[in-house]
Amino acid sequence: MLAKRIVPCLDVRDGKVVKGVQFRNHEIVGDIVPLAARYALDGADELVFYDITASAHDRVVDKSWVSRVAEQIDIPFCVAGGIKSIDQAREKLAFGADKISINSPALSDPSLIDRLQDEFGRQCIAIGIDSYYDADTNSYKVKQFTGDEAATKDTQWYTQDWVEEVQRRGCGEIVLNVMNQDGVRQGYDIKQLAMVRAICDVPLIASGGAGTMEHFLEVFTQAGVDAALAASVFHKGIIEIEALKRYLLDNGVQMRL
Amino acid sequence: MSQSDTIIIDTGCANLSSVRYAFERIGADVEVSDDIDKIKAATRVVLPGVGTARAAMQALKDKALIDTISSLTQPVLGVCLGMQMLTRASQERGDKQRDCECLGLIDTNIERLDSKGLPLPHMGWNQISPGDHPLFAGVAEGSYVYFVHSYRAPLGDFTIAKCEYGEGFSAAIAKDNFMGVQFHPEKSAAVGATILRNFMKMNAGSFTGNHKSMKENTL
């Protein structure tokens with residue numbers, strides 16, 4: 001059976017892994033390659049690297065660390081951050097990234113998804129969506145440029161509509177970052193993830209809010225996602241990946257051990 | 001001039017370095033090349049690939065490599081799309097009206113995976129049932145390897161490892177010296193490294209007799 005995936009996310013800023021609370025106040029966690037290698041050894045199924053400053057500051061991911069990661073780790077990884085063109089995507093893939101994740105640039109120019117799919121196939125195109133619950137309108141909406149608080153802005157997209165749109169244009173995977181809960185470790189937004197799962201025919205990765213092993217169990221059993229992404233619980237040593245996977249397996253979730 | 005004993009064919013596809021790095025991690029002497037003489041002289045040849053069958057086959061045509069690959073008698077390992085290119089044809093059509101003609105070295109066709117409603121692409125770590133082909137020596141039943149694909153080879157005489165996602169399909173296929181894996185051994189942690197090491201133990205002498213397929217042995 002296909003295993004559910006545990007995906008540590010390493011937010012990268014200036015070549016270091018950082019972690020903020022609700023996308024702000026970033027603190028340095030450590031160097032990229034040793035952290036990636038450690039997670040791979042601990043049983044991570046895949047890694048995601050977000051260059052969180054790239055989109056907001058119009059910079060592109062520093063490519064040198066992409067090939068260093070590819071040389072040293074033997075599990076798949078995805079690179080995100082400021083990829084706006086076919087050439088930029090090709091470069092990341094050529095350096096050894098298995099997937100590229102597009103977020104803000106796809107909102108600025110949705111046709112980028114079509115063009116990436118035509119060039120590389122949908123299997124390596126992940127779309128990151130920063131979604132938040134808007135209490136005023138009782139709806140889920142998409143934000144853009146979340147890497148920099150000053151640059152972050154609302155979009156006209158309701159989350160459901162954007163999820164449909166990116167699939168129609170040819171993405172191979174969706175990473176749903178639920179912003180209200182990111183970094184505060186109060187659990188994944190099960191209601192929102194289950195809503196998106198129902199309209200998502202490509203693999204869905206839940207992101208934002210993991211604090212305990214029970215949160216992971218809930219998101220797999222109640223929201224039916226394919227993978228769960230988390231950062232701080234792993235970086236801070238609150239949850240060990242191997243122990244987490246044993247716990248999930250013991251509770252009936254298919255896991256690679 | 002000396003050359004590496006294992007050549008990774010430069011298909012112009014995007015995952016070349018990942019495949020090279022994986023061989024280098026197990027200490028193998030590999031070289032990425034599209035030089036016809038080097039490919040012919042190699043002890044082993046790897047055919048990598050991501051993207052669409054049509055683009056990859058076009059790249060082989062542009063480099064005049066089709067006849068070269070077909071004539072090889074040493075071990076050849078196709079990875080992911082590289083495996084699919086070893087078959088007769090792929091139904092992955094892109095914007096074209098016809099199926100994409102492939103190398104025709106293994107007698108099967110690539111068709112869309114019928115996932116029975118499960119998300120596609122089939123992406124992530126899935127379990128395989130290997131047969132007794134030497135490529136899978138030491139790989140246990142139920143081992144996890146990493147897949148990313150939406151098209152697949154069906155089960156048949158050529159199947160040397162099975163997988164299931166909605167339906168059963170070939171995780172690996174082989175005919176004589178031509179072998180292909182649908183999954184990515186270069187991204188499949190220790191299990192993938194075992195498979196690559198097994199490949200590195202092979203040479204042209206490994207294929208004097210045909211290997212029995214899974215169907216003959218286990219089905």
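Two residues count as being in contact here if their C-beta atoms, placed from the backbone, lie within 7 Å. With that in hand, and keeping in mind that this is a predicted model, let's start where the two chains meet. On that count, 29 residues of chain A are in contact with 28 residues of chain B. On chain A's side, the elements that give two or more residues are helix H2 (64-72) and helix H3. Sort chain A's contacting residues by class and you get 13 nonpolar, five polar and eleven charged.

H3 (residues 86-94) packs against helix H5 (residues 111-120) of chain A, with the axes 10 Å apart and an angle of about 45 degrees between them. That angle is why the two helices count as oblique to each other. Their crossing is right-handed. From H3(A), the contact takes in A:Ile86, A:Ala89 and A:Leu93, while H5(A) brings A:Arg115, A:Leu116, A:Glu119 and A:Phe120. By class, that makes five nonpolar residues, two charged ones and no polar ones.

Further along chain A, have a look at helix H7 (residues 190-198), where A:Gln192, A:Leu193, A:Val196 and A:Arg197 are buried. Look down the helix axis and these buried residues fall within an arc of 140 degrees, so they line one face of H7(A).

How values were computed. Residues are numbered from 1 along each chain as its sequence is written. Chains are lettered from A and ligands numbered from 1 in the order in which they are written. This is a predicted model: local features need pLDDT of at least 70, side-chain atom pairs count only at pLDDT 80 or more; totals for chains, interfaces and linings use all residues. Axes are lines fitted to C-alpha atoms, for helices over the stretch in contact, and angles run from 0 to 180 degrees between N-to-C directions. Helices (H or I, at least four residues) and strands (E, at least two) are DSSP runs, numbered from the N terminus. Angles under 35 degrees count as roughly parallel, over 145 as roughly antiparallel, 65 to 115 as roughly perpendicular and the rest as oblique. A crossing is left-handed if the near helix is turned anticlockwise from the far one by less than a right angle, and right-handed if clockwise. Ala, Val, Leu, Ile, Met, Phe, Trp, Tyr, Cys and Pro count as nonpolar, Asp, Glu, Lys and Arg as charged, and the others, Gly among them, as polar. A residue is buried if 20 or more other C-beta atoms lie within 10 Å of its own, exposed if 12 or fewer, and partly exposed in between; C-beta atoms are placed from the backbone. The arc is that of the directions from the helix axis to the C-beta atoms.
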